[in-house]
Amino acid sequence: TATSLARSLFQQKLVALKPLQLRPYIFGDYKYQSSTNKVLKWKPSSSDDVPIFAEYGLQPIWDIYQGVATATQAIGQESALFSSSLSSSQFGNPALSLQQSSTSTTSNNNKVKADTP
C-alpha cells in the first residue's frame, strides 16, 4: 500500500518526508528531489527523472528481475524470464520506458497497445 511504502522509505532514510506527508504523492506524477527534500511535479520531458513510485517501487523489482535473468544466462541455462530469442539487453528499464510511452501517441484515439514477451 502507499502507506507502507511511505513508511518504509522514511524508516530506511531514503526520503526525509514523514509517511503522512509523502503518501498523497506516491502514485501521482511527482518526483522526489533528495538534495532539497522536496516533492516536485514530474514532467515526462525530464531526462532521467522518473515518478516516485517508479523510482522506489518499480526500480528495485526490475533490478531483481534483471539480476535473475543475467545469473541464469551466466550459468548457461535458458531463462524462464526471457525466451531464447530474446535477451535482457533488448528490454530497457521499465521506469524510463514509462517516461517514453507517456509522451508517445498513436493515431488510434491516443491508445497505447502493450505487448508482453
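## Basis of the model

Helices (H or I, at least four residues) and strands (E, at least two) are DSSP runs, numbered from the N terminus. The model is predicted, and local features need pLDDT of at least 70, side-chain atom pairs count only at pLDDT 80 or more, while totals for chains, interfaces and linings use all residues. Residues are numbered from 1 along each chain as its sequence is written, and side-chain values use heavy atoms, with hydrogens and water left out.

## Confidence

The protein chain has a mean pLDDT (the predictor's confidence in each residue, from 0 to 100) of 73, and 65% of its residues reach 70 or more. Over residues 84-90 the pLDDT stays under 50, and for this stretch the model has ten contacts (heavy atoms within 4.5 Å) beyond four places in sequence. Residues 102-114 also have pLDDT below 50, with seven contacts in the model beyond near neighbours in sequence.

Y30 has K41 as its bridge partner in β2. Four residues lie between the two strands of this hairpin, and N37 in the turn has a positive phi of about 55°.

K31 lies in strand β1 and counts as buried because its relative accessibility is 16%; buried means under 20% relative accessible area, exposed over 50%, and partly exposed in between (1.4 Å probe, protein chains only). The side chain of K31 is joined to that of D49 by a polar contact of 2.8 Å. A polar contact is a pair of N or O atoms within 3.5 Å; within protein, one must be able to donate a hydrogen and the other to accept it, and residues adjacent in sequence count only if both atoms are side-chain atoms.

## Helix α3

Helix α3 comprises 23 residues (residues 52-74), which at 1.5 Å a residue should span 33 Å, and its end C-alpha atoms are 32 Å apart, in agreement with that value; the expected span is 1.5 Å times one less than the number of residues. The helix bends by about 45° at L58, with a proline, P60, following within four residues; the bend is the angle between axes fitted to the seven residues ending at a residue and the seven starting there. After α3 comes G76, whose phi is positive, near 85°.

The buried residues of α3 include Y56, W62 and T72. T72 counts as buried because its relative accessibility is 17%, and its side chain reaches the backbone oxygen of V68 at 2.7 Å.

Definitions and conventions: Two strands pair if DSSP finds at least two bridges between them.
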